[in-house]
Amino acid sequence: MLRYRRRALIALSILVLGAAVTGGVVAASQSSDEQALQPVPHAASPAVEARVNSLLAHMTLEEKLQQIQLLPDFLVTDEAVRKGLGSVLSVTDPARIRELQRLAVEESRLKIPLLFAFDTIHGFRTIFPIPLGVGASFDPKVASDDAIYGARESAAVGLKQTYAPMVDVSHEPRWGRIAEAAGEDPYLNAVMAAVRVKGIQGSDYSARDKLVSSPKHFAAYGQPENGRDYNTTDMSEQRLRNLYLPPFKAALDAGADTFMCGFNALNGVPACGNRYLLTDILKGEWGFDGFVESDWTAVAELRACPPKTPDSGECGHGVAADGPEAAALALNAGVDSEMTSTLIRDFGEELLAKGEISISRINDAVRRILRIKMRAGLFEHPYAPYTPDQAEAQMLLPDAVAAARRAASRSMVLLKNEGNVLPLDPAKRTAVIGPLAKNQHDLLGPWWGRGEDEDVVTVFDGIAEQSTAATTYAEGCKLSNMEVPLTDPEGCGSDAGFAHAVAVAQAADQVVLALGETREMSGEANSRSTLDLPGLQEKLIEAIAATGKPFVVVLFNGRPLALEDIVDDAPAILEAWFPGVQGGPAVADVVFGSVNPGGKLPASFPYRVGQVPIYYNHERTGRPCNKTFKWNSQHRDIPSCSPLFEFGFGLSYTTFSITNLRLSAASVPTHGSISASVDVENTGTKTGDEVVQLYLHDPVA
Ligand code: GLC
């Protein structure tokens with residue numbers, strides 16, 4: 001370990017089902033996070049190695065360079081496949097997959113099967129909550145279900161690789177892609193990464209319902225300067241090792257067999273041209289024997305943009321003068337497969353002739369690709385386990401939909417519940433109000449895979465389904481995404497619908513207010529400069545509060561929000577993230593109390609954007625923040641040293657006591673271990689579960 005240590009979260013997510021009435025200590029289950037982090041033995045198979053080398057020996061240089069190429073659906077041609085193309089991404093139609101694979105295994109010279117890949121990030125057709133929400137569950141089983149059902153549906157159409165899990169630790173809520181991993185903590189991200197890899201791959205990803213995983217984006221992409229996507233990341237070795245690499249190492253230890261390098265420059269060197277990351281650490285220090293694919297045109301983006309050319313989106317870093325230089329830089333750094341741009345394929349022969357790349361490096365890259373294709377069983381079973389007609393019937397099966405509903409409710413975080421306004425009474429008249437109330441599109445969240453809007457059960461329908469009294473609706477305001485004309489950049493810019501919403505609220509007994517962001521406000525290339533509820537939604541809360549009706553604000557968002565201006569207006573606040581196809585029923589399960597919310601925040605919610613970055617495991621300073629006097633590290637205009645809602649925070653409908661902390665020993669040797677135990681008691685009146693969190697800090701380090 002490096003000299004500096006940091007407060008680390010050792011989250012023992014113990015499932016405690018307290019007795020419903022009197023409470024009582026319940027024996028805790030074996031902590032599932034330790035199970036998740038158990039490494040998977042990873043031995044190379046001599047038979048596979050022999051087959052790889054034998055096939056490699058028959059390949060021409062052209063065929064090797066083709067194998068290194070990975071093309072998206074709109075660039076794939078039959079000719080490219082006949083020439084020995086390596087991989088295809090974003091083709092999900094089972095009939096097209098089958099035809100392209102037939103061309104590869106019947107009409108190419110060496111009949112090497114294609115590897116079909118897709119971004120199954122939080123579900124394929126049965127869309128689960130966004131990974132930030134799954135992180136909030138602090139429950140590896142939820143992440144495992146997400147991964148298992150996503151792999152099953154993906155494999156059914158003939159896919160065999162997913163570009164997941166995304167494991168980028170981030171302290172940047174302005175960054176839209178904070179939605180895609182498990183937030184700010186290395187340990188929580190490591191646990192979720194490992195369990196997702198195991199869910200995607202199983203013990204043998206040649207199985208008919210498994211895929212090879214691809215942890216991304218290696219590395220430190222989650223810390224872009226000022227939260228702008230694709231922006232520079234710059235940090236000390238200590239931070240890289242302590243905060244950003246651990247989830248990748250956990251994913252590798254769980255068996256991940258491909259990795260994706262990121263768009264970002266790390267300490268001045270773009271990740272997909274960064275030999276220290278890809279070769280020294282990943283392949284050298286960690287012994288990775290799979291293959292590294294670049295992110296989309298990330299190899300081309302190593303180039304300087306030629307003067308006066310339109311911004312083609314395929315240049316920028318300027319660490320390579322032209323295509324050949326970029327190809328050589330990427331390949332020599334450790335990229336084995338180039339996504340979408342075609343520089344290694346197009347300039348490989350010329351670069352080899354000039355001695356700027358070596359045949360041994362080309363062979364190593366191709367060997368790695370062939371090794372994974374063989375481990376995936378593609379040579380024996382190149383086709384999907386279902387015919388194209390049968391594949392559709394594998395989507396949205398009852399077990400997957402039920403798991404998605406459970407995942408959504410277990411991901412929800414109760415931030416406020418003044419006067420126990422929640423749970424609401426389903427026998428009373430409920431008004432469901434807001435731009436997310438009857439919204440199917442946005443509940444799918446970013447990376448909606450092959451999810452369809454009509455698959456989503458809305459909040460209104462979920463509430464109505466469980467209510468025995470009238471359920472009414474008003475939109476309040478229209479929430480448009482950031483693609484709208486700048487006249488209404490964030491949506492909900494008009495209060496014209498407020499009067500009707502207030503009237504609907506007044507005619508009801510209680511109100512569920514469904515507010516938040518659109519899915520296009522999170523995810524890739526969707527960074528925001530504020531963290532406020534878009535538009536006039538805060539005013540809508542004030543208008544509903546003025547009716548005096550009991551109400552809960554249910555938030556649908558892909559990032560931590562700054563809730564300082566609403567936290568006093570709403571008696572109850574429930575964070576629901578983008579909850580996926582079962583968002584409506586899951587909200588109703590929690591709001592009416594059949595599910596007791598147990599989620600915890602996976603990332604800090606600041607008072608306002610000026611507090612960012614703010615995270616729990618920050619370094620000490622010589623003048624730690626202190627609100628009792630001036631001369632220390634603080635924002636004078638913010639009332640606290642902490643964020644508004646801290647990492648790990650979440651309320652419940654019951655209460656728990658955590659007492660009697662005891663250790664298995666009084667000291668621990670350098671490479672030893674120690675066990676901590678506590679008694680957890682449900683001291684309230686409802687069954688619930690608790691996440692036991694243990695934070696360690698070496699006071700002198
Ligand atoms: C994107 C994303 C990456 C994704 C890839 C393929 O630009 O950065 O996460 O896997 O392209 O869709």
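**Close-up 1. The disulfide of Cys-625 and Cys-641 in the predicted model.** The torsion about the S-S bond is about -80°, so this disulfide is left-handed. Cys-625 and Cys-641 both sit in the loop between helix 20 (583-591) and strand 17 (656-663), 16 residues apart. The sulfur atoms of the pair are 2.0 Å apart. Cys-625 is partly exposed, with a relative accessible area of 31%. Cys-641 also counts as partly exposed, because its relative accessibility is 31%.

**Close-up 2. The disulfide of Cys-477 and Cys-492.** The sulfur atoms lie 2.2 Å apart. The link is right-handed, with 75° about the S-S bond. Cys-477 and Cys-492 lie in the loop between strand 13 (471-474) and helix 18 (498-506), so the pair ties together parts that are 15 residues apart in sequence. Cys-477 has 5% relative accessibility and therefore counts as buried. Cys-492, at 0%, counts as buried too.

**Close-up 3. The disulfide of Cys-305 and Cys-315.** Here the sulfur atoms are 1.9 Å apart. With 95° about the S-S bond, the link of Cys-305 and Cys-315 is right-handed. Both cysteines belong to the loop between strand 9 (291-293) and helix 12 (323-333), ten residues apart. Cys-305 counts as partly exposed at 37% relative accessibility, whereas Cys-315 counts as buried at 12%.

**Close-up 4. Pairing along the chain.** The structure holds four disulfides. With the bonded cysteines numbered in sequence order, the pairing reads 1-2, 3-4, 5-6, 7-8.

Notes:
Residues are numbered from 1 along each chain as its sequence is written. This is a predicted model: local features need pLDDT of at least 70, side-chain atom pairs count only at pLDDT 80 or more; totals for chains, interfaces and linings use all residues. Side-chain values use heavy atoms; hydrogens and water are left out. A disulfide is a pair of cysteine sulfur atoms within 2.5 Å. Helices (H or I, at least four residues) and strands (E, at least two) are DSSP runs, numbered from the N terminus. Buried means under 20% relative accessible area, exposed over 50%, partly exposed in between (1.4 Å probe, protein chains only).
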